[in-house]
Amino acid sequence: MEIIENASLVNFNTFRIHCKAKILAIIRNPNDLSFLMDYIQKNYLQYYILGGGSNILFTEDYDGIIIKNDIKGVRIIESTNENVLLDIAAGEDWSRIVEISIKNKFYGFENLAAIPGSVGAAPVQNIGAYGVEQKDFFHSLIYYDISESQLVELSNDDCKFNYRDSIFKNELKNKAIITNVRYKLNKKPILNLSYNELKNEIQKFLVVEPTPEYIYNTIKRLRSRKLPDLAKLPNAGSFFKNPIVSKEKFDEVYQKYPNMPFFVLNNEMIKIPAGWLIEQCGWKGKRIGDVGVFDRHALIIVNYGNATGKDILHLAQQIKKSVEDRFGIILENEVNIVGSN
Ligand code: EPU
């Protein structure tokens, strides 16, 4: 374990906010967890468990311990003609694991290519893209239970996965440190081409029988076309979740805005793209000082240089207010805010 006092967090958050933690504890071995958590509890310190830092906004310095999960390693637990079961340590980089899987001809993750973040963070918000969620391949995970001081295993059902949601954002919020995640991947490709943008891109190139490798490269291309390059324009992906509204509410808005895109989830609930709502309110491409809304995707807030966490939060609050005033729809943050308003 590495302990750094008065640590800069600029390299630990993809918004590249300059802020500090009283202590940064970098965990490289699960055995360090019980020692660290005992110390934290005995000293009544506040703590925050950090993954890849790609879904977080620090609005001030952190007066406690930031626990950076950097446990590494991948191994095959089981392999049959059909599937492979991988055990992946939580500190591994998600997009590296996707790349390794495809190279080894273990399929399923191709639509989830190039998502920034760590493997341990993937189940927390049940990451998803292009019609696939990590829960579709999730087998089980191991976490360190902070109140019980022991390792616990959870199955797919136990994790209560939902759209950008899981038990780790609810009952187990800040009570669990995920150490290993197990995914069951296919040896024979089963492609998911349900997402229109992906389907259209494949049709555009007249590809009749796309391979998983082809899908993987197509997703990378689609993402780079639409999402800002993290190295050039720091951001945390979608800032808000896509709101899910009742059929009643949807009908009310749709009558006024028949061009609004939507996804029917079931008889009662409909998902509306937050990016569209935000664009309608005139935010796309707008810049205020060093913060702005990305000009190719309105769901992404970017840091043009020296924005503070509060600058970003204030812009997010203004966006939220204008969407609520115009559509009567309340946007919920996808990004985790750490610190005061
Ligand atoms: N749209 C607009 N204006 C915009 C952006 C989008 O009108 O500026 C409309 C598009 O025309 C499209 C619809 O919104 O009809 C959906 O847009 P897109 O396909 O880009 O997907 P999204 O709903 O905005 C979600 C995820 C992304 C994921 C993509 C692709 C959430 C909050 N976001 O975005 O995930 O990559 O689908 O599957 O669910 C992330 O979570 O950080 C993330 C980037």
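**Close-up views of a predicted model**

View 1. Asparagine 111 is placed in the loop that runs between helix 2 (94–103) and strand 8, in a structure that is a predicted model. With a relative accessible area of 1%, asparagine 111 counts as buried, because residues under 20% are classed in this way. Two backbone oxygens are reached by the side chain of this residue: that of tyrosine 130, at 2.9 Å, and that of asparagine 192, also at 2.9 Å. Once residues up to four places away in sequence are set aside, asparagine 111 touches Ala129, Tyr130, Val132, Asn192, Leu198, Ile215 and Ile219. Tyrosine 130, whose backbone oxygen is reached by the asparagine 111 side chain, is also listed among the closest residues to the ligand.

**View 2. The shell around the ligand.** The ligand is surrounded by 24 residues, of which the closest are Tyr130, Tyr163, Tyr195, Lys226 and Glu279. By residue class, the shell divides into 10 nonpolar, 6 polar and 8 charged residues. At least two residues of this shell are supplied by each of strand 8 (128–129), helix 4 (212–226), strand 13 (235–238) and helix 6 (274–280), and helix 6 gives the most, with 3 residues. In terms of domains, at least three shell residues are drawn from each of domain 2 (74–186) and domain 3 (235–338).

**View 3. Polar side chains at the ligand oxygens.** In this view, a polar side-chain atom of asparagine 242 is found 2.7 Å from an oxygen atom of the ligand, and a polar side-chain atom of histidine 297 likewise lies 2.7 Å from an oxygen atom of the ligand. For arginine 164, an N or O atom of the side chain is 2.8 Å from an oxygen atom of the ligand. Of the 820 Å² of accessible area that the ligand has on its own, the protein covers 82%.

View 4. The phi angle of arginine 164 is near 50°, a positive value in a residue other than glycine. Most residues other than glycine have a negative phi. Arginine 16 also has a positive phi, near 55°, and its place is in the loop between strand 1 (2–8) and strand 2 (20–27). At 37% relative accessibility, however, arginine 16 counts as partly exposed, because this value falls between the 20% and 50% limits. Arginine 16 and asparagine 111, the subject of the opening view, are separated by 95 residues in sequence and by 27 Å in space, taken from C-alpha to C-alpha.

**View 5. Serine 54 and its contacts.** Serine 54 sits in the loop between strand 3 (47–50) and strand 4 (56–58), and its relative accessible area of 13% places it among buried residues. The side chain of serine 54 reaches the backbone oxygen of proline 116 at 3.2 Å. Leaving aside neighbours within four places in sequence, the residues in contact with serine 54 are Thr14, Pro116, Gly117 and Ala236.

Conventions:
Residues numbered from 1 in each chain as written. Predicted model: local features only at pLDDT ≥ 70, side-chain atom pairs only at ≥ 80, totals over all residues. Heavy atoms only, no water. Near = heavy atom within 4 Å. Polar contact = N/O pair within 3.5 Å; in protein donor to acceptor, adjacent residues only side chain to side chain. Areas by Shrake-Rupley, 256 points an atom, 1.4 Å probe, with all protein chains shown as cover. Helix = DSSP H or I, 4+ residues; strand = E, 2+ residues; numbered from the N terminus. Nonpolar A, V, L, I, M, F, W, Y, C, P; charged D, E, K, R; others polar. Domains from an automatic or database assignment. Buried < 20%, exposed > 50% of the residue type's maximum accessible area, 1.4 Å probe, protein only. Contact = heavy atoms within 4.5 Å.
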